[in-house]
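Work through the following exercises with the sequence and the model side by side.

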Amino acid sequence: MPSDAIYKTVYQYNKIPLSQEEMGKLVELAEDYKKVKNHVYQRYGGIRSLPKLYPGYTVQNEMTADGLRTQLALPSVYFYCAIFDALRDVKSQWSQVKNRVEDNIKRNPNLTPEDRHYLRFVMKQSQCFEAVLLEREIVLAGEWKKAYEEVRSGRNERYLRQYLRRQVRKHLKKMHTEQANGFSVTQKGYRYGDHGIYLSTKEPRKRLFILLTDNNHYGSQIYIRLDPQRGNLKISVPIEMEAKKFKEYQNRIGLSVGMREMFVTDGGNVYGGAYGAYQEALTEYVREGTARYRKNRKHNSGREKYHAGKKRLEAALHNYVNAEINRMLKAEKPAVIYMPKLPGVSKAGKNKKINYSVSMWQRGYIKGRLRQKCQERSIEFVEVFGKDVGRECSGCGGMGTKTEGNFVCPACGLRITDRENAARNVKKRGEELKKHGNGEAESRERERETDHGGRPEAGA
């Protein structure tokens, strides 16, 4: 893909509900798709199959030879999509396992810095990692061999290798899915026409026609999610689009992100001032609905009405978020946006209502949409350290106090809204990162941690 192009997902829907017979054919495809994925999970999800995962053609060839596709009579346009979907899941799990193991290595007080360096080297060098897990001799050449000899020098390799194998076995889980609500299909498995789409089925030379709500035609691998109860489906289509470039977008802005006002810039401009009201409406609806369900669980006839109401409130919130992001970009015309790294979900103590609001805060959606829209407009999106960003004075760098939405610095006398102060600090840290690079920026952050302690603020 060209460097100035990005992918986004568009959706298509059926215009009229499918008949029970038509939906049955699609559900059968989804069931077989699930069986193929589970077969891949079982056969290639373990340690012994690790060398076969990259790039994955070995798995494809072995799956072709074992006769499962013939047994299921599943068209190849679905069969191979299921294989590579499952392989993507397996690779994702391996990435998660490595992250957890690296975290445990970092926290283990019994490991020396040299031990940690050895283990990290082994995990990052794929040949080393595979050899250790499979209990084989590590064979490297050239510079890799020299580097390995240096990190292993003086180490208790037998103990460290056993430790690594134990950690991987602890976190590597057997994968399995019971979901049969959708499937991917390559371009050869469908064609557009007659204001709809023709899908391949398990019947040879016979395609199922589905009337769509639009007449758009695409040419990529698509994903079809089924809703058998209503006879509906949703088609997800990834499309490549060229990023737009605006000559007038020249500014650099820092943002503070909050649960009430969505964004405040370093210039004091507020975007998403009603975000808190939308968020509170959704939070209260979910909280009350959950409480009612728990209270009357035995006599509850279903939650269809509840889910429909939640979906409406989420859609209203998301529409507002997108509109306000668009408004901000149009008004601020940024070339670079600096935003604090947001912390995980924290607890507010005994106040359950506040805890519920924090856990429902859709910061992930806001960040994702902002990042996507920045990509579409060729705007650089930079995350900076969020620690103490709201308590540090943007004027002199000292520590101030926040009271009722205002920030006061006792050292230099700065008085400003706490959100604008935070946004100014975000911009300053972003500029430091730009000027000095990651190494010095991380060093400065460690200094802040030593001086002030604490953790990033949820509303930074």
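A residue counts as buried under 20% relative accessible area, as exposed over 50%, and as partly exposed in between, with a 1.4 Å probe and protein chains only. Helices (H or I, at least four residues) are DSSP runs, numbered from the N terminus. The model is predicted, so that local features need pLDDT of at least 70 and side-chain atom pairs count only at pLDDT 80 or more, while totals for chains, interfaces and linings use all residues. Residues are numbered from 1 along each chain as its sequence is written, and side-chain values use heavy atoms, with hydrogens and water left out.

**Exercise 1.** Describe helix H12, and decide whether Gln372 is buried or exposed.

Step 1. Helix H12 covers residues 363–376, which makes 14 residues, and reaches 20 Å from its first C-alpha to its last, close to the 20 Å expected at 1.5 Å a residue; the expected span is 1.5 Å times one less than the number of residues.

Step 2. The buried residues of H12 are Arg363, Ile366, Leu370, Gln372, Lys373, Cys374 and Glu376.

Step 3. Gln372 counts as buried because its relative accessibility is 16%.

Step 4. Contact means heavy atoms within 4.5 Å, and, leaving aside neighbours within four places in sequence, Gln372 is in contact with Ile6, Tyr7 and Lys8.

Step 5. After H12 comes Ser378, whose phi is positive, near 60°.

**Exercise 2.** Work out how H9 and H10 are oriented to each other.

Step 1. Helix H9 (residues 275–295) packs with helix H10 (residues 304–332) at an angle of about 165°, and their axes are 10 Å apart. Axes are lines fitted to C-alpha atoms, for helices over the stretch in contact, and angles run from 0 to 180 degrees between N-to-C directions.

Step 2. Angles under 35 degrees count as roughly parallel, over 145 as roughly antiparallel, 65 to 115 as roughly perpendicular and the rest as oblique. H9 and H10 are therefore roughly antiparallel to each other.

Step 3. Among the residues that make the contact are Tyr278, Leu282 and Tyr285 of H9 and Leu313, Leu317 and Tyr320 of H10.

**Exercise 3.** Determine how H4 and H8 are oriented to each other.

Step 1. Helix H4 (residues 76–107) and helix H8 (residues 157–171) pack at about 130°, with axes 9 Å apart.

Step 2. H4 and H8 are therefore oblique to each other.

Step 3. The contact includes Trp94, Val97 and Arg100 of H4, together with Tyr163, Leu164 and His171 of H8.

How values were computed. Helices (H or I, at least four residues) and strands (E, at least two) are DSSP runs, numbered from the N terminus.
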